[in-house]
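Visitor: I have a structure to look at today and I'm new to this. Could you walk me through it?

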Amino acid sequence: MPLLELDGVRSGYGRVEILHEISLSVPEGAVVAVLGPNGVGKTTLLRVISGTLPVWEGAVRFDGRAINRLSAYQRARRGITLIPEGRGVFPGLSVDENLAIAARASDADAAWRDERLDDVKKTFPRLAERALQRAGTLSGGEQQMLALSRAFLANPRLLLLDEISMGLAPIIVEELFANVSRLKREGHTIVLVEQYLTYALELADICYVMSKGQVAFCGEPAELRSGDALAGSYFGGS
Ligand SMILES: Nc1ncnc2c1ncn2[C@@H]1O[C@H](COP(=O)(O)OP(=O)(O)O)[C@@H](O)[C@H]1O
Ligand SMILES: [Mg+2]
């Protein structure tokens, strides 16, 4: 049984349908990449999974149970963590406060959280140096590292990452992905929305390519690299 399953999901904004019967399956422990050009509905899809946007039709199942009716808060309590597009941090709070809130959201025990907090500070020394600085005044890369650290601390069952590389220098992107890779090695289940194909294809076990609110391709990264599925649906083909 997959950890997350979408079955014929339709959703959108106002009366405008953006997602047209999306079906998708995320096995426990897998990294699933969702690819596709701007505007095809990737962020909308993550909103539907995290519960900030209602499902019109179809089912979202987590751990075998329908969660359509659960609020975003209830889903977060069950371990669905979204790092939204733009930075997933509280800009007005300090680095330390941001981390503390994330640690409190997890159901792990205090010893685990302390160890994890130590770990985060070793992994991202730049964050440790800026413990008292307001998150909103960090550079883009630092904010994204803080967002990832918060995910580390929240110990999510399902981590949803929305274009964490957006607008960042390649060297920072590399550092971020090294940490996503670590989350994967630790067995976390991740849905990765990305424009940076190189990293996404390297990390992903399964890829979905979206086109105009539908799934245009689903398969292993190797199939995408070799075939023309990507060229056809990704680079503006029909
Ligand atoms: N809050 C919103 N209200 C109305 N339309 C929206 C909203 N957010 C996104 N859209 C529209 O939904 C479509 C898909 O957007 P989005 O999911 O952000 O795409 P992607 O993340 O793939 O770039 C776009 O046409 C966009 O204009
Ligand atoms: Mg988006």
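Guide: What follows is a conversation that goes through the sheets, the domains, the ligand and a few single residues.

Visitor: Before that, what kind of model is it, and how do the labels work?

Guide: This is a predicted model, in which local features need pLDDT of at least 70 and side-chain atom pairs count only at pLDDT 80 or more, while totals for chains, interfaces and linings use all residues. Residues are numbered from 1 along each chain as its sequence is written, and chains are lettered from A and ligands numbered from 1 in the order in which they are written.

Visitor: OK, what is the order of the strands in the open sheet of four strands?

Guide: The order is β2-β1-β4-β5, and the pairing is antiparallel. Helices (H or I, at least four residues) and strands (E, at least two) are DSSP runs, numbered from the N terminus, and two strands pair if DSSP finds at least two bridges between them.

Visitor: Which strands stand at the edges there?

Guide: Those are β2 (16-26) and β5 (65-66), each of which has a single partner strand, so one side of each is left without a neighbour in the sheet. Strand β4, residues 57-62, pairs with β5 in the antiparallel sense over two bridges, and R61 stands opposite A66 in β5.

Visitor: Which helix packs on that sheet?

Guide: Helix α1, residues 42-50, packs on it and touches β1 (4-13), β2 and β4, and its direction makes about 70° with that of β2. Contact here means that the C-beta atoms of two residues, placed from the backbone, lie within 7 Å, while axes are lines fitted to C-alpha atoms, for helices over the stretch in contact, and angles run from 0 to 180 degrees between N-to-C directions.

Visitor: And what's around ligand 1?

Guide: The residues around ligand 1 are Y13, I18, G36, N38, G39, V40, G41, K42, T43 and T44, where being near a molecule or strand requires a C-beta atom, placed from the backbone, within 6 Å of it.

Visitor: How does the shell around ligand 1 divide by class?

Guide: There are three nonpolar, six polar and one charged residues in the shell. Ala, Val, Leu, Ile, Met, Phe, Trp, Tyr, Cys and Pro count as nonpolar, Asp, Glu, Lys and Arg as charged, and the others, Gly among them, as polar.

Visitor: Now the open sheet of six strands, what order does that have?

Guide: Its order is β6-β7-β8-β3-β9-β10, with mixed pairing. Both β6 (80-83) and β10 stand at the edges with a single partner strand each, so one side of each is left without a neighbour in the sheet, and the twist averages 15° from one strand to the next.

Visitor: How many bridges join β3 to β9?

Guide: Four bridges join strand β3, residues 31-35, to β9, and these two run parallel, with L35 standing opposite V209 in β9. Strands β9 (residues 206-211) and β10 (residues 214-219), on the other hand, pair in the antiparallel sense over five bridges, and M210 stands opposite V215 in β10.

Visitor: What do β9 and β10 form?

Guide: They form a hairpin with two residues between them, and K212 in the turn has a positive phi of about 45°.

Visitor: Switching topic, how is the chain divided into domains?

Guide: The domain assignment gives domain 1 (1-79 + 158-238) and domain 2 (88-155), with bounds that come from an automatic or database domain assignment. Their C-alpha centres lie 24 Å apart, and the contact takes nine residues from domain 1 and eight residues from domain 2.

Visitor: Which helix gives the most to the side of domain 1 that touches domain 2?

Guide: That is α7, residues 170-185, with three residues, and the residues of that side of domain 1 divide into seven nonpolar, two polar and no charged.

Visitor: Last one: is A105 buried, exposed or partly exposed?

Guide: A105, which is found in helix α3 (residues 95-105), is partly exposed because 17 other C-beta atoms lie within 10 Å. A residue is buried if 20 or more other C-beta atoms lie within 10 Å of its own, exposed if 12 or fewer, and partly exposed in between, with C-beta atoms placed from the backbone. Not counting residues up to four places away in sequence, A105 touches A76 and A154.
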